[in-house]
Amino acid sequence: MVGFPFPLGLISSITGYASLSEEFHWLASASIGIILCNIVYRLTRLISLLSFEGYHKLRKAQRVEWNNRGFSTVHAIAVAFSSFYLLLLSDTFHEDHRDELIISRRSTLSDTTLGISIGYFLADLGMIFWHFPALGGLEYVLHHALSMFSIFLSLVSGKGQIYILMVLFSESTTPFVNLRWYLDVAGKKNSNLYVINGVALFLGWLVKTIFPLGFYSLLLVPPVLAVMNLVWFWKIVKGLIKTVSKATHSQ
């Protein structure tokens with residue numbers, strides 16, 4: 001395939017050459033991810049103003065985080081569904097579909113998913129720096145930096161996408177985390193929905209914590225993310241116990 005070195009030099013040092021179509025696809029996917037985050041951020045603010053009467057009473061920092069968690073939720077749902085389809089329903093990583101090693105397989109959809117995720121992490125990281133530390137401290141910066149590095153490396157090399165998609169599928173717990181925060185800010189910590197969401201969040205993180213450990217050891221970056229997930233999982237367990245105890249006491 002005729003190609004040319006990527007101007008930044010990093011991609012060409014990894015892959016040798018990047019074709020024009022591949023380079024455009026990667027950049028377009030990341031750009032779409034950034035644009036979609038901006039659109040969802042604004043839509044979240046507009047919908048919240050029209051449908052949630054307590055939105056205008058929130059502090060400025062809370063409104064920013066409220067809107068930020070909007071595009072965080074949309075990204076999580078989108079990549080979780082895409083990863084689920086690629087891993088279980090499509091033929092991309094089916095054992096008998098190709099002679100190519102599974103670790104070397106990729107598709108247009110998998111490249112697009114990874115590219116959009118890079119765009120999301122760039123957009124979210126930009127907001128974290130802009131509002132630092134309101135949207136998260138250094139642990140979030142480390143998490144996003146490691147995530148972008150591993151996704152970027154897999155995207156441009158075409159290797160290990162199956163493992164990255166497994167990690168992205170674990171984003172399916174993010175909507176529950178965000179809903180927990182929304183309910184807390186809205187003063188609904190004593191509601192049944194808060195308790196149910198807490199249980200669902202616990203179960204989701206339990207599965208997320210157990211099953212990825214097998215392939216986390218295969219790469220350098222995911223083990224670090226796994227440790228961070230374990231820490232956050234422990235915080236969620238403590239929060240669940242506290243929530244259930246309060247609900248039981250009130251009854």
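## Pocket, burial and aromatic contacts

The largest pocket holds about 1100 Å³ of space. The model is predicted, so that local features need pLDDT of at least 70 and side-chain atom pairs pLDDT 80 or more, whereas totals for chains, interfaces and linings use all residues. Residues are numbered from 1 along each chain as its sequence is written, and side-chain values use heavy atoms, with hydrogens and water left out.

A pocket is an open set of points on a 1 Å grid over the protein atoms alone, where a 1.4 Å probe fits and protein lies on both sides within 12 Å along at least five of seven lines; lining residues have an atom within 4 Å of a point. The volume is the space filled by probe spheres set on the points, which are joined across faces, edges and corners. The lining of the largest pocket comprises 43 residues, of which Arg69, Tyr140, Val177, Asn178 and Trp232 are the closest to its centre. Among the elements that give two or more residues to this lining are H3, helix H6 (161–169) and helix H10 (221–250). Helices are DSSP runs (H or I) of at least four residues, numbered from the N terminus.

Seven of the nine residues of H6 are buried, where buried means under 20% relative accessible area, exposed over 50% and partly exposed in between (1.4 Å probe, protein chains only). The buried residues of H6 include Tyr163 and Leu165.

Rings of Phe, Tyr and Trp (its six-membered ring) pair if their centres lie within 6.5 Å; planes under 30 degrees apart count as stacked, over 60 as edge-to-face and the rest as tilted. By this rule there are eleven aromatic pairs. One of them joins Tyr41 and Phe71, tilted at 50° between the planes with 6.4 Å centre to centre. Tyr41 lies in helix H2 (residues 20–51) and Phe71 in helix H3 (residues 60–89), 30 residues apart. Ring pairs also link Phe52, Tyr55, Trp66, Trp181 and Tyr182 into a cluster.

| Residue | Relative accessibility | Class |
|---|---|---|
| Tyr41 | 17% | buried |
| Phe71 | 3% | buried |
| Leu36 | 42% | partly exposed |
| Ser157 | 25% | partly exposed |

Leu36 is in helix H2.
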